Amino acid sequence: MYLWDANVLRHFGQGHPTLRLYLLRVPWSEVALPSVVVAEVLRGRCDFALKAVPLEAPLAHRRLLETQEMLSRFNIVVFDEPCAEVMERLRRKQRKRERYADRMIAATAEVGHHVLVTRNQTDFVDLLPKAQLANWIDDPPG
Amino acid sequence: MKYTIILTEKSDGRIHVSIPALPDCTVEAGNRNEAISLARQAIMETMSRSELVFLDVPQRPKTAPSSGAVPWEWFGKARDDATWDTLFDDIEQRREATRKAR
């Protein structure tokens, strides 16, 4: 499957033209979000809803529910026990850096043999083989 | 070991016995007592030739389901939503904070 990083979801919401070309070619059943990204996005929306000033709160709560509805249209690959084992191995490899979300996403991709679609490949080159990385925002489909 | 058996009276008055746990094992008899007795014998006979193996099959959590088509109604939906950019800027900032060497 093609596992989307958060920055690809961002461009999905913005209607990026190159991403659209990929979506016309790749079956939707092959596209998924790692549960880590779902958690990050919902955390952001929840924080906004819970911390907004009263005048902004109605908008924040609407956005939370809209985002939840949008996410429900995606396949989601769950971070499970095998992912946790791989993540721990990656941590030992990268002792000096925490990089919690990066390692969680890389572990999810490694365990499921998924291709990670991200605009920030530099953050993953030491965690995943190059063949498991793709950029659907800057590299148009061939 | 207990087995559930189903006794069904046929139109000719005979009793048909089926055993849900052993679908290939059925008997028929002229009355209820005989049916139960024959079922007991059939189960014992079948089990004497059978081995029970309990398989523990681990299941990988599957992906949550989504409908088959690209949800185009959401594609570009956040174009005019300023909070969308803020949301992803915050995610990137949080990640960046953990990327710095400790």
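Tutor: With a definition: two strands pair if DSSP finds at least two bridges between them. Note too that this is a predicted model.

Student: In what order do the strands of the open sheet in chain B lie?

Tutor: The edge strands, each pairing on one side only, are E1 (6-9) and E3 (26-29) of chain B. The sheet is open and has three strands with antiparallel pairing, and the order in chain B is E1-E2-E3.

Student: What angle does the direction of helix H1 of chain B make with that of E3(B)?

Tutor: Helix H1 of chain B covers residues 32-48 and packs on the sheet. The helix touches E1, E2 and E3 of chain B, and its direction makes with that of E3(B) an angle of about 150°.

Student: Are H3(A) and H4(A) roughly parallel or roughly antiparallel to each other?

Tutor: Helix H3 (residues 35-51) and helix H4 (residues 57-71) of chain A pack with their axes 8 Å apart, at an angle of about 165°. Angles over 145 degrees count as roughly antiparallel. Therefore H3(A) and H4(A) are, to each other, roughly antiparallel.

Student: How many residues of the contact of H3(A) with H4(A) are nonpolar?

Tutor: H3(A) contributes residues including Val38(A), Leu42(A) and Phe48(A), and H4(A) contributes residues including Ala60(A), Leu64(A) and Leu71(A). In the contact of H3(A) with H4(A), three residues are polar, two are charged, and the nonpolar ones number nine.

Student: Is Leu19(A) buried or exposed?

Tutor: Leu19(A) lies in helix H2 (residues 17-25) of chain A. Leaving aside neighbours within four places in sequence, its contacts are Val8(A), His11(A), Phe12(A), Trp136(A) and Ile137(A). A residue is buried if 20 or more other C-beta atoms lie within 10 Å of its own. Leu19(A) has 21 other C-beta atoms within 10 Å, so Leu19(A) is buried.

Student: Which element gives the largest share of the side of chain A that touches chain B?

Tutor: Between the chains, 33 residues of chain A are in contact with 26 residues of chain B. Elements giving two or more residues to this side of chain A include helix H1 (6-14), strand E3 (75-77) and helix H6 (100-112) of chain A. The largest share, six residues, comes from H1(A).

Conventions. Residues numbered from 1 in each chain as written. Chains lettered and ligands numbered in written order. Predicted model: local features only at pLDDT ≥ 70, side-chain atom pairs only at ≥ 80, totals over all residues. Helix = DSSP H or I, 4+ residues; strand = E, 2+ residues; numbered from the N terminus. Contact = placed C-beta atoms within 7 Å. Axes fitted to C-alpha atoms, helices over the stretch in contact; angles between N-to-C directions. Parallel < 35°, antiparallel > 145°, perpendicular 65-115°, else oblique. Nonpolar A, V, L, I, M, F, W, Y, C, P; charged D, E, K, R; others polar. Buried ≥ 20, exposed ≤ 12 C-beta atoms within 10 Å, placed from the backbone.
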